[in-house]
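User: I am new to reading protein models. Can we go through this one in short steps?

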Amino acid sequence: MLKKAKLEIDNIQYELPIVAGSEGERGIDISILREQTGCITLDVGYQNTGSCLSSITYIDGDNGILRYRGYPIEELAEKTSFTETAFLLIYGELPTAEEKKAFSQRLTENSMVHEEMLRFFDGFPVTAHPMAILSTMVNALSVYYPQYFTIDFATETFDLMVVRLLSKIRTIAAYSYKHSIGEPFVYPRHDLKYCANFLHMMFHSPVKPYEVDPDIEKTLNMLLILHADHEQNCSTSTVRLVGSSMVNLYSSICAGICALWGPLHGGANQEVIHMLEEIHRGGISVCDCIEKAKDKENRFRLFGFGHRIYKSYDPRAKILKRQCDMLKNKFQLHDPLIDIALELEERTLQDEYFISRKLYPNVDFYSGILYRMLGIPADMYPVMFAIGRLPGWIAQWKEMHDTKPFKIGRPRQIYVGPTIRHL
Ligand code: SDX
């Protein structure tokens, strides 16, 4: 029996259905609100508004819980590969041994980028931000594979679109790095798995062979798994909204990449490193950095801290912090930025401003430090976030198209501008 919410407007009572999720979350269904009451709701930043019912990711922000299709993130990060988790998010179940082999084979077969696309790089200055390159090149994939404009989930069409995107985003990302350092592109190899192949394309060169360290490969798998989905965040909601116009998947993902680039979202990991480097250079002290973040007079935020949903420690940050310790000890790394990060975290967790607002380290606080340990430059961190988030975007895009009735996304507004006037 569905419970009802009662609403009274101008002494008239209305009843609105309450929907309940599988973990007990409740929402008031306002689909008929305007038709019945003439009113709409107003919720700047959609802090209290659900856009959909979804079976992909569950987050309990108060208790630091994150699960993909019911599996705790801690188990997936420890026991699966990124491509297995990608399969789980998109198709709803972990792959059988046979499915895993076929998926891996198709990813390998689709790892090359069309040779004509390499000429695009000639037009980018070496200083081009790799997120600008990534969004351009991903959208350009629709030029090379126009037959996939249709929203057709007949398995062959959709499956091929999925492996093409998952595989080629990695190659495009590695090529954008090679372009920035003036080195020749390194083609993917068919004998390397997903993450090893990416590391190979990034760091191998004809004059300096690159051997993939298993712990580095494991760390990259873990980083990508931890970024793979996060329910209706800014970039995922962008992919859904853009996709709801029935535009093709490549263009929907391009929009998601652009939204993720913002420093309040996926671009925060790059800002965290810039912040730590600024402190290390002596440009600002840890204490001054914290005070500046608390000062309402400026827009500076403590990057890597705070979250719309997590009002406790981001479970992803916990795992990444542990992985930092492991790599630091294994490779005897003495990165001063790690010590600065630990001091920042320690001081904020004792600071009333952060405690009262429940601001804790989020996924971006330690991810940049780990990417730095892998030898990846700071402007590539949002690109790494996009590679990780791609399966989540694809899964959410598909779920939206599978939802009946299918509606184009079109929020309303309350107009507060001038009333009618004449020239
Ligand atoms: C990601 O949504 C997702 O799931 C995103 C993500 C994902 O996986 O997709 O988890 C990835 O984007 C992580 C967040 C990365 N961004 C940053 O690290 C940037 C710094 N963080 C803040 O900009 C902020 O915390 C947000 C954007 C993350 C959340 O913003 P909200 O929910 O709108 O919170 P808010 O801005 O309303 O802050 C509430 C209060 C405000 O102070 P008051 O007005 O109450 O006095 O907390 C303050 C804010 O000023 N605050 C901060 C702060 N974050 C919030 N103050 C200083 N430094 C910060 N980092």
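Analyst: Start with one cut-off: a residue is exposed when its relative accessible area is over 50%, and buried when that area is under 20%. Keep in mind that this is a predicted model.

User: Is N11 buried or exposed?
Analyst: N11 sits in the loop between β1 (4-9) and β2 (12-20). Its relative accessibility is 72%. The cut-off for exposed is over 50%. So N11 counts as exposed.

User: What is phi of N11?
Analyst: Most residues other than glycine have a negative phi. N11 is not a glycine, yet its phi is positive, at about 65°.

User: Where is R69, and how accessible is it?
Analyst: R69 also has a positive phi, near 50°, and is not a glycine. Its place is the loop between β5 (65-68) and β6 (71-72). R69 is partly exposed, with a relative accessible area of 25%.

User: Which peptide bond is cis, with omega near -5°?
Analyst: Most peptide bonds are trans. P405 lies in the segment after α19 (381-402). The cis bond runs from K404 to P405.

User: Which residues gather in a patch of positive charge on the surface?
Analyst: One of them, K296, is in the loop between α14 (286-294) and α15 (315-330). K296 counts as exposed, at 61% relative accessibility. The patch is made up of K296, R299, R301 and R357.

User: What is the radius of gyration of the protein chain?
Analyst: The chain has 19 helices and 6 strands. For 423 residues, a compact globule would have a radius near 22 Å. The chain agrees with that, at 23 Å.

Methods: Residues are numbered from 1 along each chain as its sequence is written. This is a predicted model: local features need pLDDT of at least 70, side-chain atom pairs count only at pLDDT 80 or more; totals for chains, interfaces and linings use all residues. Side-chain values use heavy atoms; hydrogens and water are left out. Patches are made of residues with over 30% relative accessible area and no salt bridge: like charges are joined within 9 Å, nonpolar side chains (Val, Leu, Ile, Met, Phe, Trp, Tyr) within 5 Å. Accessible areas come from the Shrake-Rupley method with a 1.4 Å probe; for residues, only the protein chains shown count as cover. A salt bridge is a side-chain nitrogen of Lys or Arg within 4 Å of a carboxyl oxygen of Asp or Glu. Lys and Arg count as positive and Asp and Glu as negative; His and the chain ends are not counted. The place of a charge is taken as NZ of Lys, CZ of Arg, CG of Asp or CD of Glu. Helices (H or I, at least four residues) and strands (E, at least two) are DSSP runs, numbered from the N terminus. Buried means under 20% relative accessible area, exposed over 50%, partly exposed in between (1.4 Å probe, protein chains only). The radius of gyration is taken over C-alpha atoms; the globule rule is 2.2 Å times the number of residues to the power 0.38.
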